[in-house]
Amino acid sequence: MNFLAHIYLSEADDMVTIGNFMADGIKGKKYLNYPEAIQKGILIHRWIDSYTDSHPITKQSTKRLHSKYGHYSGVIVDILYDHFLAKNWKNYHEQPLEEYVADFYKLLIDHYELLTPRIQKMMIPMMKQNWLLSYATLEGIETVLYNMNIRTKNRVPMDEAIQDLKEHYEAFEKEFTAFFEELRAFVALKMEEL
């Protein structure tokens, strides 16, 4: 899953959200250097990624893209799934997405000193271009894929995945909806273990 799903699955706990959001840059046991709630967020992020990568539904979505994008197909599916979460936000949260995203950006600003240097650097363009809100539109996803293509030095034409999304839109949305229900249940169980 991509940024929006990780934030959403943190169950509105500020420190868990921060940990979950910045977990990709924290390797191995380095998570133990953070406060307990941030550690919890990092662990949840790792569980989400592991569950997502091994799930048959996400594998089905990824398979549709694999011949063209190779191992980047998983990254693309993460982005596409965030699109469907943002697009259908009203089905998952009572707070409007615009407000939810604004609250998250404020959380980052208020806890800037806790963030990894990578996240501190990334949050400026993220907020300026309002990445999280842009996920709700095809134009926004097209921009995200274009920027990912630049970041990965055009190893595969990730920007072209917008056409794959349009061509298989209903299938991807159906897969996301089914998978996300299972993921939410999985995260709720894992939260109880912490």
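This is a predicted model: local features need pLDDT of at least 70, side-chain atom pairs count only at pLDDT 80 or more; totals for chains, interfaces and linings use all residues.
## Nonpolar core

The largest nonpolar core has 66 residues, and among these Met1, Leu4, Phe21, Leu85, Leu132, Phe180 and Leu183 touch the most other members. In soluble globular proteins, nonpolar side chains tend to be buried together.

Leaving aside residues up to four places away in sequence, Phe21 touches Phe3, Ile7, Phe104, Leu108, Ile119, Met122 and Met126.

Side chains of opposite charge can pair when their charged atoms come close. In this model the count of salt bridges comes to seven. One of them joins Glu175 to Arg64, with 2.6 Å between the closest N and O atoms. This pair links distant parts of the chain, since Glu175 lies in helix 11 (residues 169-193) and Arg64 in helix 4 (residues 56-69), the two being 111 residues apart.

The two partners can also be described by their accessibility. Glu175 has a relative accessibility of 6% and therefore counts as buried, the cut-off for that class being under 20%. Arg64, with a relative accessible area of 25%, is partly exposed.

## Salt bridges within helices

Helix 6 (residues 97-110) contains both Lys106 and Asp110, which are four residues apart and so are separated by about one helical turn. These two residues form a salt bridge in which the closest N and O atoms are 2.7 Å apart. Lys106 counts as partly exposed at 48% relative accessibility, and Asp110, at 43%, likewise counts as partly exposed.

Because Arg184 and Glu181 are three residues apart in helix 11, about one helical turn separates them. Arg184 has a relative accessibility of 29% and counts as partly exposed, while Glu181 counts as partly exposed at 42%.

## A salt-bridge network

Salt bridges in this model also form a network, in which Lys68, Glu160 and Asp164 are linked.

Technical notes
Residues are numbered from 1 along each chain as its sequence is written. Side-chain values use heavy atoms; hydrogens and water are left out. A nonpolar core is a set of buried Ala, Val, Leu, Ile, Met, Phe, Trp, Tyr and Cys residues joined through side-chain atoms within 4.5 Å. Buried means under 20% relative accessible area, exposed over 50%, partly exposed in between (1.4 Å probe, protein chains only). Contact means heavy atoms within 4.5 Å. A salt bridge is a side-chain nitrogen of Lys or Arg within 4 Å of a carboxyl oxygen of Asp or Glu.
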